Amino acid sequence: MTELEEYYNKFNEEKRLNSRHGQVEYRVSMKYIHKYLEEASGRIAAGRGADEVRGEIKLLDIGAGTGRYSVALAQEGYDVTAVELVRYNLGVLKKKASSVKAMQGNALKLNKLADDSFDVTLLFGPMYHLYGFDDKRQALHEAKRVTKPGGVILVAYCMNEYSVITYAFKERHVSACMEQGRLTEDFHTIPAPGGLYDYMRLEDIDALNEAEGLQRLQIISPDGPANYIRSYLNQLSEEEFELFVRYQMAVCERADLIGAGAHTTDILRKIK
């Protein structure tokens with residue numbers, strides 16, 4: 001069992017996704033997933049209604065976790081395949097929905113999946129845990145390979161500044177991080193041996209896209225400040241919380257805010 005598997009066997013992924021900060025991330029992400037699923041439906045429909053062709057739209061969820069996205073989208077009628085590394089998470093996912101084609105696999109080598117197979121591909125979890133440019137590029141390359149030409153890939157990253165502000169400064173580990181060489185002079189994180197998360201800046205993401213020849217359609221911050229203010233979100237009334245979700249929906253594309261949140265989702269087109 002890998003360290004990652006041990007971590008997710010103990011980590012309550014369902015609790016995180018159902019928390020208020022998790023709901024913000026999920027709901028904003030789903031808005032954009034639906035946008036590009038509807039685009040794919042429009043390409044296929046050719047005079048038919050979008051609902052009629054929904055089952056013909058093929059979606060891949062790489063690093064699907066316990067199926068928060070893949071199960072919901074399968075229930076909407078899309079043809080969903082889910083790949084998950086951690087056996088425990090895969091078991092939870094399979095119990096939720098038999099309609100999802102769920103399999104164990106590694107984002108670095110999707111050898112069970114054919115080239116040019118999916119209209120929309122989600123690569124949400126793996127980039128959090130892959131270290132170094134080469135491994136991240138390989139995961140992005142595999143996502144590109146299995147996506148149809150003209151298809152869309154949504155890629156999620158953990159962001160550098162969230163880690164620096166929370167772990168280094170808020171939790172007061174900054175001096176130790178500098179002494180241990182875990183932060184550069186310009187405060188770019190360097191993964192610790194045995195660590196589970198890697199953090200990105202926008203220039204790092206841009207370099208991956210350039211290497212793989214992918215066209216950016218949009219880049220968004222799905223959670224914005226939600227992770228920074230968890231305790232305050234929990235104090236909001238339902239009405240106030242809905243207003244916060246509306247706020248994040250309204251500002252998630254703003255260039256001056258992207259990169260400051262805990263996560264960034266890059267939305268890319270496979271040209272060829």
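Start with S2, helix H6 (residues 87–96) and S3: together they make a right-handed β-α-β unit. The model is a predicted one. Strand S2 covers residues 79–84, and strand S3 covers residues 101–104. The two strands pair in the parallel sense, over 4 bridges. H6 lies across both S2 and S3. Its direction is at about 165 degrees to S3.

Next, widen the view to the sheet. It is open and has 7 strands. Read across, the order is S3-S2-S1-S4-S5-S7-S6. The pairing is mixed. Which strands stand at the edges? They are S3 and strand S6 (215–220). Each has a single partner strand, so one side of each is left without a neighbour in the sheet. From one strand to the next, the twist averages 15 degrees.

Look for Val152, which stands opposite Arg269 in S7. In a regular strand, side chains alternate between the two faces of the sheet.

Turn now to helix H8. This helix lies across strand S1 (58–62), strand S4 (118–123), S5 and S7. H8 runs at about 150 degrees to S5.

H8 also has a helix to pack against. Two packed helices are described by the angle between their axes and the distance between the axes. H8 (residues 132–146) packs with helix H11 (residues 202–212) at an angle of about 50 degrees, and their axes are 10 Å apart. That angle makes H8 oblique to H11. Their crossing is right-handed. Which residues make the contact? H8 supplies Phe133, Lys136, Arg137, Leu140, His141 and Lys144. H11 supplies Ala207, Leu208, Asn209, Ala211 and Glu212. Sorted by class, this contact of H8 with H11 has 5 nonpolar, 2 polar and 4 charged residues.

Technical notes. Residues numbered from 1 in each chain as written. Predicted model: local features only at pLDDT ≥ 70, side-chain atom pairs only at ≥ 80, totals over all residues. Heavy atoms only, no water. Axes fitted to C-alpha atoms, helices over the stretch in contact; angles between N-to-C directions. Parallel < 35°, antiparallel > 145°, perpendicular 65-115°, else oblique. Left-handed = near helix turned anticlockwise from the far one by under 90°. Contact = heavy atoms within 4.5 Å. Nonpolar A, V, L, I, M, F, W, Y, C, P; charged D, E, K, R; others polar. Pairing = 2+ DSSP bridges. Right-handed = clockwise from strand over helix to strand, strands pointing away.
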